[in-house]
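Here's a quick briefing to read alongside the model. Have the sequence and the 3D view open as you go.

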Amino acid sequence: MAESNELRQVVERAVAQVLDLQLPKLQAELVERVLATLPAATATSAATATSAATATSAASTAIAAVPGNLVQSVGSIHAGTTQKEILRALLDAGSSYAARLALFVVKAGAANGWQCRGLGNDDAIKDFALDLNAGPVAHSYQNRIATPGNIAEMDGRFVDRFGGPANEQILVLPLVLKDKVAALLYADGGSEGLLDASSLELLVMATSSWLEVTSLRKQAQKESSDAAPTIDRVPAAPVQTVSSFADPFAAHVPKHNAPKVSEPEPAAAEVVEVAAHAGASAAASAPAAAADPFAGMSAEDADTHRKAQRFARLLVDEIKLYNQAKVAEGRRHKDLYDRLKEDIEKSRSTYQKRYGSTVAASGDYFQKEVVRSLAEEDVAIMGANFRH
């Protein structure tokens, strides 16, 4: 129940932060819509109560007229229970804010089409290799920010195959997961000129947050299941070395970009599957047992240590999720602790309240996870004010 509450708090914070970023833009848009619908007389000093009532009515009309209803659009994304459902929901919801959309998967320095809306059937873009060095695509990929542009700056092969919007304006948005651009969303207004950049940016942010929350939840559930003591199960420690983010595009490997057998970085989901298969087909061997740092403990103490590790990882992952820019800058300037001090100490306090008086206190897992995940095992990146 406690872990369920923690997860709920993570989700609530994700939604709140996305809305906090976008509500000012939405408010400005609504003001403009209201002013556009009001008669000129209401803007004069002679405005009466009737004018106020008209303004209120116009505001309600403007809110109702916001394309696709942002709240419902975000809700449809958060209704997804699998990563593919979430991504399809992004494209479906985004269709209310752009006439044409295409999602490109970024793997090993290449961007390949996944699904689209408004460019033909949903798979019309499948496996199309997009040039990552062209105009707004390159800028969005390299800087991890939404980038507007002109269709003339796009990959010429894309334009030849799918054409361009009537007003020539396009938008490229990065879908960032675990500090990396996992996909790029292309959008344009088609023949009708429908392109709402602010709403699309909110939907992409909501998708990124929800994918990470979903991944953390599934990882926690899996580790909880793996940690349950049984006589003939391989210890859970080897699986815990897997990244906590399961690649939503693990199954999407275009034929022209298929990885070699010796590729050093298989998708996290594939690693989990292989590890699970190995555990089911082999008895607990001596090397595997030696890899379990809790092998000499009682089942109860080992379970507490594993839960503490998992909780520390969830707390630090949450810090990374909501402070991606600060993490990048802190690593670059080696003052990461100063930039994230408030978040780190608040999470440290939460961790200590839960596990500071348990047998897991000696493991100091939160501190270790901060160095491992935020500083990438280089404590110098945390800066001089970080307590070791």
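Let's start with one residue, keeping in mind that this is a predicted model. Leu336 touches Lys326, Val327, Gly330, Arg331, Leu374, Ala375, Ile381 and Met382, leaving aside residues up to four places away in sequence. After that, we'll head over to the sheet and the helices that sit on it.

**Around Leu336**
- You'll find Leu336 in helix α13, which covers residues 336-355.
- Leu336 has a relative accessible area of 0%, so it counts as buried, the cut-off being under 20%.
- Val379 is 43 residues away from Leu336 along the chain, yet their C-alpha atoms are 9.8 Å apart.

**The sheet**
- There are 6 strands in this open sheet, and reading across it gives β3-β2-β1-β6-β5-β4, with antiparallel pairing.
- The edges belong to β3 (129-130) and β4 (147-150); each has a single partner strand, so one side of each has no neighbour in the sheet.
- Strands β5 (residues 169-177) and β6 (residues 180-188) run antiparallel and are joined by 8 bridges.
- Within that pair, Leu175 sits opposite Ala183 of β6.

**Helices on the sheet**
- Helix α4 (residues 83-94) packs on the sheet, where it touches β1 (100-107), β2 (110-117), β5 and β6.
- The direction of α4 makes about 60 degrees with that of β2.
- Helix α5 (residues 135-143) lies across β1, β3, β4, β5 and β6.
- Check α5 against β5 and you'll see it running at about 25 degrees to that strand.

Conventions: Residues numbered from 1 in each chain as written. Predicted model: local features only at pLDDT ≥ 70, side-chain atom pairs only at ≥ 80, totals over all residues. Heavy atoms only, no water. Pairing = 2+ DSSP bridges. Helix = DSSP H or I, 4+ residues; strand = E, 2+ residues; numbered from the N terminus. Contact = heavy atoms within 4.5 Å. Axes fitted to C-alpha atoms, helices over the stretch in contact; angles between N-to-C directions. Buried < 20%, exposed > 50% of the residue type's maximum accessible area, 1.4 Å probe, protein only.
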